[in-house]
Structures are given as structure tokens and as C-alpha cells.
Amino acid sequence: AFGANLLLVRFLMPEDFGRFALILAGATLTYGAVSLRINVLVIRSPEARFDQAVQERYFTALLLETVAATFIVVAWLTVFTSATVLEIGLVLAIGVRNWTEHNKAFYERSMHYGRLAALETGAAISAHVVAIFLVISIGGGAVLILREIFLSAAGLVGLWLIGGLAMMKVRWLSWAEFRGLFMEAKGIWLDGVLEGSFQQLTIFLAGLLGGERVAGFFFQAQRLAIVPHQILAPIAGRIAPNWFGRTEDSVTRIAGRNRLLLVLAAPLLVAGLATAQFADPIVPWLFGSRWADSAPLLAAMAGMVVFLSLFEILKSYCWTTHQVPVLLRGRLAQYFGLIGMMALSLPGWLQPDLAVSVGLSISYMSAFAILLFSLIFRERRLKD
């Protein structure tokens, strides 16, 4: 992804990435608001209660929420924007990927990560190769959308080929079943809405303050800032929560969580310091001089580089151990960190786009600190 992006920025303009990022943000926000996080419910369900009836209920709910979210986004784009057919296709691709990613949880319970790794790596590499071929041959911002469509299709077909696509009986869910699902997922749902809203809010703020061009610069800076997390995401967001959910002894689970945080903190700190120090010469060298305005934004996101993965580990821990109320404290700190830095831009002390970037660093640092101290305090109180 990183290598392909280096080529794409040489052929595309900041406005191309900005338009793509704004549509992607709107669609992702809607899917996040509608989704009950069925994948998390599937992963954390004990074997004793994960019978056929429960599986069919989860499967049906996943299908219904995907259809509802897709209809909302397509209607919004059609009525209120001048969306093209390809942009509608982008929304449909996101819907397919949302369904596939949640459906994958049924197979992921088996812990067959070798097959999943081969599938996901193959789909991602193929999509980036297709994007490179298209941008060299035809050019234009449509390449970004075509890449997402190909990636969604490859992920769906690949999951079916490895025998990991769950297909179950679809039945009408009663009001009591809908209510039961929401009660089971309400904490995760609320955290997911806050997380999705936060991530997309930053893109919308950048676009609102400076238009599609500034949104493009911000998108690329954020794209570079999450590279360390992309490397660690399979551990922080996939393997760790599965292990947390399967480990019944709380002492072992807490020790494993703390050991993982300590192991990852050192390389992330080095990556954060390198980001702050070398963003200015590295960004123009990698992307070209027309992307130089992304450099100070990337340097300001050094705190995000350090604390994003660490926070995601704690989030996964809270999700799988039913401690979402504790997690929400970290979410509130995250929003206050961003809003606080945005307030500094009102009197002109900081440029708005730079304020959003610094706000990302402050938000993830404060969210991680508040969540970690809250968990430690709660665990010591329960121990006493």
C-alpha cells in the first residue's frame, strides 16, 4: 500500500484524493452508525451459547444492517450531491466489504490465520497492482474508486474460495430479538459510532476549512501516520482480541495485555520521534514538491503514530472483556483533545489544518492514558 501510494501521488492531484476521502468518510460514517459490530459479537461469544439459532440471528442482522446503510448512503449521494456512477459504485463496494469483513468473523473463530493472511494479502496486493496499472494507463481520480471496487470483490471471492464465507438461513427477526441484539451490542455500538465519527470528523474538518485540496494534503499526512499501525493492526485488532476472548483467567489476560503494550511501546516511540524529526524532508522527497504542505501536518501527527496502536490494544481488551463503559472514558478524552486544539485555531494561534493534526496527537495520547489508568485503577480495586 505504501509503495503503491508513492506512485499514485505522482500521477494524481491533491483534489483527487480530497474528493475520494470526503465520499469515503461519509459512507464509512453511515455504515459505522448503523452497524451493531456483529463481528465483535461473533468473536466474543462463548462456545456454549454459539449455537445455530444464535449464528442465524447474527447473520440476518448483518445482512439487514448492510442493506439499510447502503440505501441511506446511495440516497444521500443521489439527492444531495452530484455523485457519478463510479462514486455510487464506491459506496456499493464499501457495503460489500463491510458485509464481508463482519462475515469473516464466523471463520475467524477457528483461528486459521494462515489462510486469512494469504487471502487478505493477495487481495490487497492485487488491488494496488491494478491501481498502478490504471493510473499509468488512463490516469484520473477514478483509479482510487476502481481500486476499492476491485479490493471488495477480491475479498468476497477470496473468502468464498478458502471456504470461509458463512451462508446461513435468513429469517425475519422479532422485535424482541432486535432489542436483545441491541442490548448485547449497545456498548460496542456506541464506542464504534464515537470512533467512526472521530475518524471521519477530522477529514470533514480539513475539507470544511480548506476545501478538497487541503483535505487531500491532510489525507496523505494521515495515510503516512497510520503506516506503523497498519503493520501492527493484525496483532492489535485481530489476534489480541481473539486471545483476550479465549483466555478465561483474568490474571493471565491482564499480564498478556501489559506485556504486549510494553513490547510495542518502544518501536512506536522511535517511529513517533522519527516522524516529528524527518517529516519535512521526507514527504517532498517521497511524494514530490506539490505535496510539501503535507509535511508539517504529518510531523504534528507524531503523537498519533505512538499511541494509536497502543490505544487499539486497550480498546480490543475492553470490547472482549465487556468493559465498554471504561472505554468510553478514553473516547471522551479523545474528543476533548481534538476539540481543545481546534479551539486554539479560533483566535488564529494555529492554522486550522495544523490544529486538527496536533489534535489527533493529543487525542490519542490522552485517550490511551485515561483508559490505561482507568483499567489499572479498576483492576486494583477489584483485587482489593
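Start with the core. This is a predicted model, and its largest nonpolar core has 98 residues. Phe17, Ile38, Tyr58, Phe106, Tyr364, Phe368 and Leu371 touch the most other members. Take Ile38. Leaving out residues up to four places away in sequence, Ile38 touches Tyr58, Ala61, Leu62, Glu65 and His102. There is also a second, separate core of 5 residues, with Tyr107, Tyr113, Leu116 and Leu159 among them.

Now the charges. The whole structure has 9 salt bridges. Look at Lys104. One partner is Glu101, at 3.1 Å from N to O. Both sit in helix H5, residues 85–108, 3 residues apart, so about one helical turn separates them. Lys104 is buried, at 3% relative accessibility. Glu101 is partly exposed, at 37%.

Lys104 also forms a salt bridge with Glu120, at 2.8 Å from N to O. That pair links distant parts of the chain, since Glu120 is in helix H6, residues 113–137, 16 residues apart from Lys104 in helix H5. Glu120 is partly exposed, at 27% relative accessible area.

Next pair: Arg257 and Glu379, with the closest N and O atoms 2.6 Å apart. Elsewhere, salt bridges link Glu56, Arg171 and Glu177 in a network.

Last stop, the surface. Leu63, Val67 and Val170 form a nonpolar patch there, with about 230 Å² of accessible area together. Val67 lies in helix H4, residues 52–80. Its relative accessible area is 53%, so Val67 counts as exposed.

Key
Residues are numbered from 1 along each chain as its sequence is written. This is a predicted model: local features need pLDDT of at least 70, side-chain atom pairs count only at pLDDT 80 or more; totals for chains, interfaces and linings use all residues. Side-chain values use heavy atoms; hydrogens and water are left out. Patches are made of residues with over 30% relative accessible area and no salt bridge: like charges are joined within 9 Å, nonpolar side chains (Val, Leu, Ile, Met, Phe, Trp, Tyr) within 5 Å. Accessible areas come from the Shrake-Rupley method with a 1.4 Å probe; for residues, only the protein chains shown count as cover. A salt bridge is a side-chain nitrogen of Lys or Arg within 4 Å of a carboxyl oxygen of Asp or Glu. Helices (H or I, at least four residues) and strands (E, at least two) are DSSP runs, numbered from the N terminus. Buried means under 20% relative accessible area, exposed over 50%, partly exposed in between (1.4 Å probe, protein chains only). A nonpolar core is a set of buried Ala, Val, Leu, Ile, Met, Phe, Trp, Tyr and Cys residues joined through side-chain atoms within 4.5 Å. Contact means heavy atoms within 4.5 Å.
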